[in-house]
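Hi,

Here is the structure I said I would pass on. Have a look at it first, and then read my notes below.

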Amino acid sequence: MIAAAPARPIAAAPTPEMLTSPPAAEVSEADRREARSLPLTTRFHLGERITPVQQAFLDEHGFLVFAQVAKPDEVERILAEIDALQERWLAEGRKEVNGIPIFVGTGPDGGPFIQRFAFTSLYVPYLYDFVRDARFAPIRSLVGRKTRVGDHEKDGLVFNRNLNVPGSAYPRLGWHTDGLRDLFLNRTVPGPMLNVGMHFDRIRKEDGGLRIIPGSHRQGFWDMLTRKPYFVSHDVDPDEIAVETEPGDLTVHDGRTWHRVERSPHVGRRSLRRTMYVPYVTDAYAPKDESSRTPFYHRLGRVARELRVKLKR
Ligand SMILES: O=C(O)CCC(=O)C(=O)O
Ligand SMILES: [Fe+2]
């Protein structure tokens, strides 16, 4: 049984608990050839270790899809927990968590609808436990030998709900790499960094969703800065592919790849796309709290979003 949600978020520990993951896969030339021969739409099975071919696929293309990592009852439970969290946050008029704005837009029924939740694991004990489950150990091994869950760091555990209705705060997301954020936050040139996402809806190419330029993580730093205008470009790229998902699928993408989220061509509930991004981290411990400042790009984003919601664009 999972306990009822705490009234106050869990305080950050002075020293974070580090989790040990299995050793990384050793990749041969034959593994690389095999990975290159696989279709880009391959959905892999997550076992107890990352296989050499899976590692080679990630090295080559910058992303991986694992089929049905969360079971249907877990998907249901998480979605219900998020609905309950929305009720609480709307009732208390919450605007941000630890300096990170929550995105509030218009929902499928015209009422307020939270479209991006931050630090979710601090408010939902079920999720705090879920992201620590043993099945994710091989995923964590892609990030490092010793990792932790960044419950209190960056934006914490993020839950997104893309929706296409007039007044949506988050129908889509323009071209970007995630690595540039490191440049703003740490003023260091971005190194390898992995984004781990869980998906809750059936999204095929014709439903919009995640687009990635395979192999773009291998570009140089200059391309990472200049290949596209950050967040304002939504154009189809001739080299992009659609990452198609089923509920419970898990994706991993290299933070240096160029990617975007395409708006759903559907409208209302049919357009709903829910994802959860889990911060498995290894870098210097930097917990946030209620006094943490809002990063520059989130302040910029907030202005743009509020304008869009008002203009119902
Ligand atoms: O919605 C997604 O799958 C990706 C979101 C994303 O790229 C981001 O938040 O940086
Ligand atoms: Fe991203």
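**Helix α3**

Let's start with helix α3, residues 72-91: at 1.5 Å a residue, its 20 residues should span 28 Å, and the end C-alpha atoms are 29 Å apart, which agrees. Bear in mind that this is a predicted model.

Which residues of α3 are buried? They are Val75, Ile78, Glu81 and Gln86. Looking down the axis of α3, you'll find the buried residues within an arc of 145°, so they line one face of the helix. They pack against β6 (112-117) and α4 (125-130). Turn to the face pointing away from that buried side and you get exposed residues, namely Pro72, Asp73, Ala80, Asp83, Glu87, Arg88 and Ala91. After α3 comes Gly93, with a positive phi near 65°.

**Strand β10 and its partners**

Next, go to strand β10 (residues 194-199). Five of its six residues are buried, so the strand is largely enclosed by the rest of the structure. β10 pairs with strand β13 (residues 250-254) in the antiparallel sense, over five bridges; there, Gly197 has Thr251 as its bridge partner. β10 also pairs with strand β15 (residues 273-278), again antiparallel, over four bridges, and in β15 Val196 is partnered by Val278.

**Around ligand 1**

Gly197 turns up again here: the residues around ligand 1 are Asn160, Leu173, Asp178, Gly197, Leu210, His259, Val261 and Thr275. Sorted by class, that shell has three nonpolar, four polar and one charged residues.

Cheers

Terms used. Residues are numbered from 1 along each chain as its sequence is written. Chains are lettered from A and ligands numbered from 1 in the order in which they are written. This is a predicted model: local features need pLDDT of at least 70, side-chain atom pairs count only at pLDDT 80 or more; totals for chains, interfaces and linings use all residues. Helices (H or I, at least four residues) and strands (E, at least two) are DSSP runs, numbered from the N terminus. The expected span of a helix is 1.5 Å times one less than its number of residues. A residue is buried if 20 or more other C-beta atoms lie within 10 Å of its own, exposed if 12 or fewer, and partly exposed in between; C-beta atoms are placed from the backbone. The arc is that of the directions from the helix axis to the C-beta atoms. Two residues are in contact if their C-beta atoms, placed from the backbone, lie within 7 Å. A residue is near a molecule or strand if its C-beta atom, placed from the backbone, lies within 6 Å of it. Ala, Val, Leu, Ile, Met, Phe, Trp, Tyr, Cys and Pro count as nonpolar, Asp, Glu, Lys and Arg as charged, and the others, Gly among them, as polar. Two strands pair if DSSP finds at least two bridges between them.
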